[in-house]
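Visitor: Please show me the structure. I would like to ask about it piece by piece.

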Number of protein chains: 2
Amino acid sequence: MKIQDIARLANVSVATVSRVINNNDNVREETKERINRIIKENNYYPNVIARNLSKNENNTIGIIIPDIKNLYFASIMDGIVNEASRRNLNIILGCSNENFELQEKYIELFIEQRVKGIIIAVTQNSYTKIDFFDQTSLKIPLVLIDRKIDKQMPGVFFENFHSVYGVIEKFIKYGKKKIGFLAGSQTISTAKERLEGYKKALKDNEIKYDKKLVLYGDFTLESGYNLGKEILKREIDGIYISNNSMTLGFLKVLKELNINSENIKIATFEDNEIIRFIDEKIVSYNMPFSELAKRSIEILESLLKNDTSDTTVEISL
Amino acid sequence: MKIQDIARLANVSVATVSRVINNNDNVREETKERINRIIKENNYYPNVIARNLSKNENNTIGIIIPDIKNLYFASIMDGIVNEASRRNLNIILGCSNENFELQEKYIELFIEQRVKGIIIAVTQNSYTKIDFFDQTSLKIPLVLIDRKIDKQMPGVFFENFHSVYGVIEKFIKYGKKKIGFLAGSQTISTAKERLEGYKKALKDNEIKYDKKLVLYGDFTLESGYNLGKEILKREIDGIYISNNSMTLGFLKVLKELNINSENIKIATFEDNEIIRFIDEKIVSYNMPFSELAKRSIEILESLLKNDTSDTTVEISL
DNA sequence: CTGAAAGCGCTTACAG
DNA sequence: CTGAAAGCGCTTACAG
């Protein structure tokens, strides 16, 4: 069923049908009603693809994240899907699984689909791929979320540095002397910035940086588990763990070794139902995911209007 | 940049360019190379939307789920996204938030986008909406996942009944006499079937059904928490909890009341990293999410070929 | 208030 | 091996 069929059934031209579909102009009330009735009776839905082609428009945006099953990214997704729905935008979804080639494939796919733009949490090895992102942002409006690359680009991020800095400073004020740190892969901007926050807070408070207290993992539960075993040998009195999965791994060690977490003050980046459930004394911040989602779509809209001011924003926690 | 621009630059017709883009026919090797070079140099990406319109094709499928942040549905999503990627299908995503009207809106949107079909985990109040789904499956191929409605339709589901039946039977064999049951909303097929499995297992093993041991919740953590407090007053020696969120709520009660879970055998439907982490002795099954994803896309493809045999499948656990 | 016609960016049967 | 032309399902400036 297409617009022609409706036109024939209603004894009008396709132009007239098009007008009532789009609530355009002035169509005689009577024929408008007749056409609407016929549309209804025949279960006709206009072909938006054809409309978009004709109007040179597109109301879909692409989004790419590295991991759907991680609650952190699922929350971001959720925010974006709901905000998009509010704005009558369609979401076309890609999941890179931290794989750069797959991410590349999705970007090409989305360009071919002529999406309005792409909102992307880049894979962990994207940080240094400046040329690639320069090139692709020439081809399509690109908004980074959560993870930066090594060049200022439009995007919205959390204030990783300040968040960690504040927590560590508090730990120190509470008298903690040996604060461990489980870092994420330093090819991810968020992992880097969190570590920097830790280092700077120590420095500003005149605590010597002890590299034995900093272990490097890869944001997975397993790595939190393994590093946890290791760092617990160092007699720490506090610890900052760089993401949610590693925190779960660390808590697992605590449980297995039957260590009472009263003795070690624990902090992590993201407050989340699960972690808080396991140990409610863990220090963390509530993440304004829906704000991140909202801002990222707003920035995309700005980019589309060639308004490039304030397109890089950091959300404080 | 469009196909015409490339044609002009290459001094050929658009037909020829189209042929090399699609790797069609026989184009002289020399001109093929020239055209490909020009395409590359100009960063030209064919407009898939226009191609699809012209070929009367579409390589995107719609998917609607009730909750992105629930790991259960996130896992289903993950499976579908990856399977779709393998098959070069695009995913356009909607999240109903258990809201029937929003679900309806997404379905209309997807029909207008002329997706190949829709894969959907329906909202909790969809069970009795037979007419609605009859109507929409007339308009677009529809594959239900995870949750059924009150009529046989194409879809892929887990064997809820048998899974619960088996667990309860084992509990009984182990000597459990008072097995509690935290049910989900009985407007969701999965919640119903799980309860039925419980009832039947009791019956077949000659244990009297005690309705005081069955409490009804709504699949949320809070409801698991509240019902947990209640059911623990009943001196149960085993309990089956109908989904992951309610299980977390129940475990929270256990922790708060400092109850040793040795005394109560606990089972839930879905094995999941988090729950197993909190209490590894909980009985549950590993969910073959990727199989569910794969089958649902296969069924969609069958439907598109008008092959309607075996379009309703149950995956055993 | 309404229609004929050109155009959106492609593909493809037909002809050469 | 290549091109001219019709067509995919719409929209819209133009004319009446």
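Visitor: In what order do the 5 strands of the open sheet of chain A come?
Guide: This is a predicted model, in which local features need pLDDT of at least 70, side-chain atom pairs count only at pLDDT 80 or more, and totals for chains, interfaces and linings use all residues. Side-chain values use heavy atoms, with hydrogens and water left out, residues are numbered from 1 along each chain as its sequence is written, and chains are lettered from A and ligands numbered from 1 in the order in which they are written. Helices (H or I, at least four residues) and strands (E, at least two) are DSSP runs numbered from the N terminus, and two strands pair if DSSP finds at least two bridges between them. The pairing here is parallel, and the order in chain A is β7-β6-β8-β9-β10.

Visitor: Which are the edge strands of chain A?
Guide: An edge strand here pairs on one side only. From one strand to the next, the twist averages 15°. The edge strands of chain A are β7 (214–216) and β10 (283–285).

Visitor: What is the bridge partner of A:Leu182 in β8(A)?
Guide: Strand β6 (residues 179–183) and strand β8 (residues 238–241) of chain A pair in the parallel sense over 4 bridges. In β8(A), the partner of A:Leu182 is A:Ile241.

Visitor: What angle does the direction of helix α10 of chain A make with that of β6(A)?
Guide: Axes are lines fitted to C-alpha atoms, for helices over the stretch in contact (heavy atoms within 4.5 Å), and angles run from 0 to 180 degrees between N-to-C directions. Helix α9 (residues 189–204) of chain A packs on the sheet, touching β6, β7 and β9 (265–270), and its direction makes about 165° with that of β6(A). Helix α10 (residues 221–231) of chain A also packs on the sheet, touching β6, β7 and β8. For α10 of chain A the angle with β6(A) is about 155°.

Visitor: What distance separates the centres of domain 1 and domain 3 of chain A?
Guide: The bounds come from an automatic or database domain assignment. Chain A has domain 1 (3–54), domain 2 (58–153 + 289–315) and domain 3 (160–285). Taken over C-alpha atoms, the centres of domain 1 and domain 3 of chain A are separated by 61 Å.

Visitor: Which residues of chain A does the UniProt annotation "domain: HTH lacI-type" cover?
Guide: The annotation comes from an unreviewed UniProt entry, and such annotations may be inferred rather than shown by experiment. The span is 67% helix and 0% strand, and its end C-alpha atoms lie 21 Å apart.

Visitor: What relation do a turn of 180° and a shift of 0.0 Å along the axis give?
Guide: Copies are superposed by least squares on the C-alpha atoms of residues with pLDDT of at least 70 in both. Chain B can be laid on chain A in this way with an RMSD of 0.0 Å. The relation is therefore that of a two-fold axis.

Visitor: In chain B, which residue has the C-alpha nearest the axis?
Guide: The same surface serves both copies, as 100% of the contact residues of chain B recur in chain A. The nearest C-alpha in chain B is 2.2 Å from the axis and is that of B:Ile92.

Visitor: With which residue does B:Arg8 form a salt bridge?
Guide: A salt bridge is a side-chain nitrogen of Lys or Arg within 4 Å of a carboxyl oxygen of Asp or Glu, and the count over all chains comes to 37. With closest N and O atoms 3.2 Å apart, the partner of B:Arg8 is B:Asp5.
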